[in-house]
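Here is a briefing on aromatic contacts, charges over rings and a ligand site. Please look over the sequence and structure before reading on.

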Amino acid sequence: MTALTLLKVERIKLFSTRSPWWCMGAAVFITVGFTALLAATIRPGDLGDLTPATTQFSYNFGFLIMMVMAILAITTEYRFGTIRATFLAVPNRVDALLAKTAVVALLAGLVGEAAGVGAWALSKAIRPEAPLALDNAQDYRVVVGVGLVYMVAAVVAVSIGLLIRHSAGAITALLIWVLVAENLLPAIPRVGDTIQKWLPFTVGNNFLYAGQQVGQDNDATPTNMPFGAWGSLLYFAVVALALLALAVGLAKRRDA
Amino acid sequence: MIEANGLTKRYGRTLAVNDLTFTVQAGRVTGFLGPNGAGKSTTMRMILGLDRPTAGGVRIDGKRYTDLKEPLRHVGALLDAKWVHPNRSARAHLRWLAVSNKLPDKRVDEVLGLVGLTDVANRRAGGYSLGMSQRLGIAGALLGDPGVMLFDEPVNGLDPEGILWIRQFMHRLADEGRTVFVSSHLLSEMALTAQDLVVIGRGRLIAQTSTRAFIDAASGSSVRVRGPELDRLREVMASGGLKADDTPATAEGPAALVVHGATTDAVGELAGRAGLVLHELAAQRGSLEQAFIQMTGGDVEYRTGDPALAPVAGAPSVAGAPVGVPGQPGEAPASQWTGTPAAARKADAR
Ligand SMILES: Nc1ncnc2c1ncn2[C@@H]1O[C@H](COP(=O)(O)OP(=O)(O)O)[C@@H](O)[C@H]1O
Ligand SMILES: [Mg+2]
């Protein structure tokens with residue numbers, strides 16, 4: 001079975017139910033909507049703060065929704081037994097699961113791109129006078145690069161779904177990781193700062209915001225990160241792929 | 001052909017399948033018989049490469065399932081009709097299956113027609129009745145026109161009409177020369193469906209034989225005979241060297257004799273030579289249930305009676321199933337058998 005065939009199978013599976021469409025719509029709508037709200041309500045005096053980086057401040061919304069979609073793409077297969085139907089049709093589990101991961105990650109990437117570019121473009125339409133021109137590599141990276149972060153995050157989410165197999169459990173684990181652990185671990189005295197620099201999502205975020213300021217004076221990313229922008233993305237991707245390798249390896253050995 | 005060799009599966013402390021060796025021949029319907037919790041589903045999952053055997057192995061036409069290229073073209077399976085996303089249409093479900101094994105799209109429409117789902121093919125599968133889900137599962141199994149087919153309890157929970165449909169379908173598949181391996185915990189159903197039997201209890205092989213031989217071997221041969229002069233009849237039988245027992249009058253008939261180890265020919269001739277009038281002379285065929293008890297000894301617990309009065313906890317749909325389908329005279333009485341109650345409950349809970 002060729003890779004193209006397997007990608008087509010996973011594409012049909014994903015798009016023949018309605019929930020991915022809802023997730024994609026919600027991810028773009030909420031992300032773009034929040035930015036538009038900010039652009040529309042910002043005080044004229046603060047207009048200088050409305051930079052390309054600022055238009056991406058709400059990317060976490062869409063990014064979490066797409067991660068939930070990625071988890072559901074795998075856990076619903078376990079819930080409804082279609083994973084068994086899949087393994088009957090494609091006994092090479094590694095290939096089948098990698099194809100699913102690729103389709104979900106690609107989709108998340110496209111949604112991230114739509115949300116990122118959409119948020120920036122709509123802000124520019126609402127506030128043509130704001131400093132929203134994409135002037136340098138940094139500006140481009142923060143607006144156009146957000147899709148890459150979505151993509152890597154989707155790989156992490158699929159892996160979590162594959163390891164835990166239950167929707168509620170996997171989503172809970174994801175939220176604890178992203179919203180709780182990555183925010184609270186840095187608060188540990190003494191070692192917290194060091195830990196923070198290696199937390200995968202924090203590093204992934206650094207790809208977008210390295211060297212940037214969002215809003216008035218708050219740093220969007222910790223200072224003294226171990227990697228630059230692209231190194232951060234690479235680190236995030238390596239963590240995601242390691243997790244995926246673990247999850248797929250286990251799925252290959254476990255009973256379906 | 002399916003060959004299992006020393007197949008064993010352990011889940012934690014449960015030994016679900018224990019050193020199972022059997023073969024399923026091509027071109028026949030082979031029944032896979034055993035009470036709930038006997039390990040039928042587990043065995044089928046291992047045949048299909050879904051569960052990994054703890055020991056032993058199983059091959060389909062000499063190959064492991066996981067080594068088959070485009071397996072749907074070789075093996076079709078219906079393990080659980082619910083293995084469909086409820087928000088996906090039947091057509092979409094079959095389409096991704098077809099694409100995965102490079103089967104043409106028109107094959108999807110063909111199998112939908114074969115199982116009679118064409119009209120509802122674009123509706124979401126979650127809204128289907130059990131019978132329709134079962135048909136969709138069969139359509140999926142037929143998609144690659146495979147030579148080997150596996151069905152796990154296909155009639156479970158179906159209404160009599162659905163049961164009849166499935167039964168006829170199995171026969172058609174075998175008539176077309178396919179290998180059909182179908183599991184059931186209902187002996188009466190297997191007697192109607194299967195030519196050969198693989199019988200298991202508590203994960204172990206109990207018998208592999210033809211269905212007829214299984215019944216004959218276990219039931220022995222006895223003859224029910226009745227006439228106005230039962231006492232003389234008994235004497236005549238005794239003088240002919242036959243042992244006869246009295247059976248009291250029941251709802252099924254008045255008091256009679258049961259003669260063991262004889263044919264109706266022998267009993268009739270003895271009575272005729274003595275000039276005795278007979279009101280009844282009939283061979284007694286043992287039911288599969290009796291056969292099973294005889295062969296397994298204490299391996300399973302067996303219950304008989306009105307299924308409505310003696311349902312198995314949590315399995316009413318099973319209790320109401322195919323026994324007593326009209327037009328099946330001489331069939332085993334309505335009956336239901338279970339493993340130990342705990343095992344039955346565990347199996348239901350899955
Ligand atoms: N995934 C599983 N985990 C733990 N125990 C299982 C699992 N699958 C089956 N079992 C146990 O294995 C035994 C055989 O079950 P099963 O194969 O479903 O029997 P059958 O299909 O004949 O009713 C039962 O005791 C059941 O509880
Ligand atoms: Mg079963």
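In sorting residues by class, Ala, Val, Leu, Ile, Met, Phe, Trp, Tyr, Cys and Pro count as nonpolar, Asp, Glu, Lys and Arg as charged, and the others, Gly among them, as polar. By that scheme, the shell around ligand 1 has four nonpolar, six polar and four charged residues. The model is predicted.

**Ligand 1: shell**

- Ligand 1 is surrounded by 14 residues. The closest are B:Gly37, B:Gly39, B:Lys40, B:Ser41 and B:Thr42.
- H1(B) gives the most to this shell, with four residues.

**Ligand 1: polar contacts and cover**

- A polar backbone atom of B:Gly37 is 2.6 Å from an oxygen atom of ligand 1.
- For B:Lys40, a backbone N or O atom lies 2.8 Å from an oxygen atom of the ligand 1 molecule.
- B:Arg45 uses its side chain: a polar atom there lies 3.3 Å from a nitrogen atom of ligand 1.
- On its own, ligand 1 has 560 Å² of accessible area, and the protein covers 81% of it.
- Two elements give two or more residues to the shell: strand E2 (14-24) and helix H1 (40-47), both of chain B.

**Aromatic pairs**

- Over all chains, a search of the whole structure finds 15 aromatic pairs.
- A:Phe63 and A:Tyr150 pair edge-to-face, at 6.0 Å centre to centre and 75° between the planes.
- A:Phe63 lies in helix H4 (residues 59-80) of chain A and A:Tyr150 in helix H8 (residues 146-164) of chain A, so this pair ties together parts that are 87 residues apart in sequence.
- A:Phe63 counts as buried because its relative accessibility is 3%, under the 20% cut-off. A:Tyr150 is also buried, at 2% relative accessible area.
- A:Trp198 and A:Tyr235 form an edge-to-face pair, with 5.8 Å centre to centre and 70° between the planes.
- A:Trp198 lies in the loop between helix H10 (192-196) and helix H11 (200-209) of chain A, while A:Tyr235 is in helix H12 (residues 229-253) of chain A, so the pair ties together parts that are 37 residues apart in sequence.
- A:Trp198 counts as partly exposed, at 40% relative accessibility.

**Aromatic cluster**

- One aromatic cluster is formed by A:Tyr59, A:Phe63, A:Tyr150, A:Trp177, A:Phe201 and A:Phe236.

**Charges over rings**

- A:Lys13 places its charged end over the ring of B:Trp96, 4.5 Å from the ring centre.
- Within chain B, the charged end of B:Arg172 sits over the ring of B:Phe169, 5.0 Å from its centre.

Terms used: Residues numbered from 1 in each chain as written. Chains lettered and ligands numbered in written order. Predicted model: local features only at pLDDT ≥ 70, side-chain atom pairs only at ≥ 80, totals over all residues. Heavy atoms only, no water. Phe/Tyr/Trp six-rings, centres within 6.5 Å; stacked < 30°, edge-to-face > 60°. Buried < 20%, exposed > 50% of the residue type's maximum accessible area, 1.4 Å probe, protein only. Lys NZ or Arg CZ within 6 Å of the ring centre and 35° of its normal. Near = heavy atom within 4 Å. Polar contact = N/O pair within 3.5 Å; in protein donor to acceptor, adjacent residues only side chain to side chain. Areas by Shrake-Rupley, 256 points an atom, 1.4 Å probe, with all protein chains shown as cover.
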